Amino acid sequence: MEPEPASASPPRAPSRRARVLVAWFRHHRRPLPWRSRRDPYRIWVAEVLLQQTRVRQALPYYERFVARFPSVRALAGASRSEVLKAWEGAGYYARARRLHDAARLLVRTNGGRLPRSAGSLERLPGVGRYIARAIASLAFGEPVVALEANGLRVAARWTRETGDLGTARVRARLAAVLAAELPTPDAGPFNEAVMELGETVCLPRAPRCPDCPVAFACRAYRELADPSRVPRRAPRRSRPHVRGAVVVLTDRGRWLVQRRPAGGLLGGLWEFPGGKIEPGEDPEHAARRELLEETRARVRGLADLGSVHHAYSHFTVELRVFQGRPGARRPATSSTRRWVTPAELERLPIPGATRKIVRRLEEPGGFLDGQAGPRVGVAPRRPGSGRAPGPEPAPGARGVPTERPGPPRGRRARGPGREP
Ligand code: ADE
């Protein structure tokens, strides 16, 4: 893949709105780390993270990721597990896997450099139309419009758009409005200014119109008592709820964990064996069944440790957590199934719900299992109901707060749909 020059189109006279907006951006932009130098790689990582995550939430993940992998080459040279570990907590792990694949492709085919045009960038794994255009304009000055959710809202208000922003037709119409006023030498700052306005001033529910530098050119502001009525809001869809059962199989200070298949939901992350509770099924039965199906092992002394709740962007999940010791037939270990100490698990990439289980297993007030195993401290749902020594109740251990954004969790059909 050869680097291409940014397409050379003649400079255009920007609209007054575009000029004022870019000038405002130069003064008011937040000092975000990917803005300090126009490093295409850093802009790329930031855009991938910002696709599903708000700026403030994305910042610590961005800093950690680029500190760990400061260049395309560094990223390409890492193992999958290292990349997923560095991404841990940011959710939507398919983003990290594709970023990694794309970095490897760039090292193989283009000397580790990003191509300069949106058209070539879009051919990389995980790089869609928006990200390609954002990188091309922000890093290389290509005069293309990059429109994400915030920008769409801004443009919809400027034009008093009445259509559904989810449709390709309306998106194309709004992109054309911006393209007509795109300042050619400043396409990057203009695109970023539109996003910045959407994130800091032209807010979804309570737009701060008195602070808006381009209110003079906004139809929603000039013509409506309540500009926040544009765009039309789609009714919120309620999220489905999924119930799962998990077994913390514990032996001599180690827990059994498994790696999820590479390509699917939360692919490549490690978790405790378990799966979906079938309709009408007893959670303990589901735990035993899942363990048997997945590892062909049975469990002794199963104790009910209570529930962990996790909210994903598309559904919520309640996991019933059980703990026990392996029966006579021990589960076979492999490259995707191993016994780990808590410290070893700390070094593996794990999903958010598994992180919550581990945190609660290690909470003060837990206990060492009968064989000096890792501590457990999740409040038992039915104290004494299991055959293993019952864990100490941990005060306030139920009702775990939810984390957002987070990737759907679940082996096979545990969650509805694939990881976005
Ligand atoms: N959202 C998406 N990309 C962004 C950027 N470059 N700056 C601020 N917010 C963004």
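Tyrosine 92 is buried, because its relative accessibility is 4%. Buried here stands for under 20% relative accessible area, exposed for over 50%, and partly exposed for the range in between (1.4 Å probe, protein chains only). The model is predicted; local features need pLDDT of at least 70, side-chain atom pairs count only at pLDDT 80 or more, and totals for chains, interfaces and linings use all residues. Residues are numbered from 1 along each chain as its sequence is written, and side-chain values use heavy atoms, with hydrogens and water left out.

Tyrosine 92 lies in the loop between helix H5 (80-87) and helix H6 (94-110). Helices (H or I, at least four residues) and strands (E, at least two) are DSSP runs, numbered from the N terminus. The phi angle of tyrosine 92 is near 45°, a positive value in a residue other than glycine. Arginine 252 also has phi near 45°, again positive and not in a glycine. Arginine 252 sits in the loop between E1 and E2. At 56% relative accessibility, arginine 252 counts as exposed. A cis peptide bond runs from valine 230 to proline 231, with omega near -5°. Proline 231 belongs to the loop between helix H12 (219-223) and strand E1 (241-251).

A polar side-chain atom of tryptophan 34 lies 3.5 Å from a nitrogen atom of the ligand. For glutamate 192, the corresponding distance to a ligand nitrogen atom is 3.1 Å. For glutamate 199, a polar side-chain atom lies 2.8 Å from a nitrogen atom of the ligand. Taken alone, the ligand exposes 260 Å², and the protein buries 98% of that. These areas come from the Shrake-Rupley method with a 1.4 Å probe; for residues, only the protein chains shown count as cover.

Five aromatic pairs are found in the whole structure. Rings of Phe, Tyr and Trp (its six-membered ring) pair if their centres lie within 6.5 Å; planes under 30 degrees apart are stacked, over 60 edge-to-face, and the rest tilted. Tryptophan 34 and tyrosine 62 pair edge-to-face, 5.2 Å centre to centre and with 75° between the planes. This pair links distant parts of the chain, 28 residues apart: tryptophan 34 is in the loop between helix H1 (16-28) and H2, and tyrosine 62 is in helix H3 (residues 55-68). Both residues are buried. Tyrosine 41 and tryptophan 44 are also edge-to-face, at 6.3 Å centre to centre and 80° between the planes. Both lie in helix H2, three residues apart, about one turn of the helix. Tyrosine 41 and tryptophan 44 are buried. One aromatic cluster consists of Phe65, Phe69 and Trp87.

Arginine 260 occupies the loop between strand E2 (254-259) and strand E3 (270-271). At 5% relative accessibility, arginine 260 counts as buried.

Methods
Polar contact = N/O pair within 3.5 Å; in protein donor to acceptor, adjacent residues only side chain to side chain.
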